[in-house]
Amino acid sequence: MVKYEELRQQILEENKKRMEELNLPLLSQALKNSTSPKPSPMKKTKPRIIGTELVAVRRSPRVAKNPAPEYKEVVYYERVMIPRRVSTPNKRDRLNFAYATDDERAASIEKAEKLEASLRSDYPILVRSMLPSHVSGGFWLGLPSNFCRKNLPRRDDTITLIDEMGEEWPTVYLAQKNGLSGGWKKFAVDHDLADGDAILFHLIRPTKFKVYIIRVNNAMKPFENPGEENVAAALCFSV
């Protein structure tokens, strides 16, 4: 046992000499005496007070007959208002959008087909029933691919729509997508097209359509033939 204590004491002395050679006691003392820098405190901002008022503390009805309540001060702070984007009402708001019934849609198409038969023209004719996507939202008018392949340009071009008053609306025809894009919205809005309206497109020139509009709200009325004179006038106007 004495030999073990002597060996232990010898090891402790050796470790102490090594620590002194490395200056570890001095480093330990220096760390104890040193103080770490304090972090800078975060700057606090006080909300702007716009007024104060004394209000009664809420009390139960069961103690309403007791002495008058104490009052405490309530502070009102200025509310920071964040400006919000104000959306302008859409002329074609879906919430107020009128959808055509199946019977109304069928009646307007039938009336357009009677108009097509009365024209007796060798020029290509296309009848399209207006859908919500045609007259609101994206305002995209897709055309049948067979009709486009046989009668319309194979590249993107400008196609002019001529209404029954003879006024013209240029539109952008996209050959790869078989439809009318830019300019169609203006035509639809200017003519107040609605869901269920039947539109007859009469191709009087390679890039000109004579357009007849059959209103869905007038589809139940008797059909009126435009007459050969109006058809001839439309063809003469296109020359």
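Everything described here comes from a predicted model. Arg-215 pairs with Asp-197 in a salt bridge, where the closest N and O atoms are 3.5 Å apart. The two partners link distant parts of the chain, 18 residues apart: Asp-197 sits in the loop between helix 6 and strand 8, and Arg-215 in the loop between strand 9 and helix 7 (227-238). Asp-197 itself is buried, because its relative accessible area is 2%.

## Other salt bridges

How many salt bridges does a search of the whole structure find? There are 5. One of them joins Asp-195 to Arg-105, with 2.9 Å between the closest N and O atoms. Asp-195 belongs to the loop between helix 6 (184-190) and strand 8, while Arg-105 is part of helix 3, so this pair ties together parts that are 90 residues apart in sequence. Asp-195 and Arg-105 are both buried.

Glu-168 and Lys-208 make another salt bridge, their closest N and O atoms being 3.8 Å apart. Here the parts tied together are 40 residues apart in sequence, because Glu-168 lies in strand 6 and Lys-208 in strand 9. Glu-168 is partly exposed, with a relative accessible area of 41%.

## The sheet and its strands

Strand 8 (residues 198-205) runs antiparallel to strand 9 (residues 208-214), and 7 bridges join them. Among the facing residues, Ile-199 has Ile-213 in strand 9 as its bridge partner.

Strand 6 (residues 168-174) has two faces: Trp-169, Thr-171 and Tyr-173 are on the covered one, whereas Glu-168, Pro-170, Val-172 and Leu-174 are on the uncovered one. In a regular strand, side chains alternate between the two faces of the sheet.

## Two hairpins around strand 6

Strand 5 (residues 157-162) pairs with strand 6 in the antiparallel sense over 6 bridges, and Thr-158 stands opposite Val-172 of strand 6. The two strands form a hairpin with 5 residues between them, and Gly-166 in the turn has a positive phi of about 90°.

Strand 6 also pairs with strand 7 (residues 179-180), again in the antiparallel sense, over 2 bridges. Leu-174 stands opposite Gly-179 of strand 7. This hairpin has 4 residues between its strands, and Asn-178 in the turn takes a positive phi of about 55°.

## Helix 3

Helix 3 has 18 residues and spans 26 Å from its first C-alpha to its last, close to the 26 Å expected at 1.5 Å a residue. Which of its residues are buried? They are Arg-105, Ala-107, Ser-108, Lys-111, Ala-112, Leu-115, Ser-118 and Leu-119. These residues lie on the same side of helix 3, because they cover an arc of only 165° around the axis. The face turned away from the buried side carries the exposed residues Asp-102, Asp-103 and Ala-117. Just after the helix, Arg-120 has a positive phi of about 45°.

Definitions and conventions
Residues numbered from 1 in each chain as written. Predicted model: local features only at pLDDT ≥ 70, side-chain atom pairs only at ≥ 80, totals over all residues. Heavy atoms only, no water. Buried < 20%, exposed > 50% of the residue type's maximum accessible area, 1.4 Å probe, protein only. Pairing = 2+ DSSP bridges. Expected span 1.5 Å × (residues − 1). Arc of directions from axis to C-beta. Salt bridge = Lys/Arg side-chain N within 4 Å of Asp/Glu carboxyl O.
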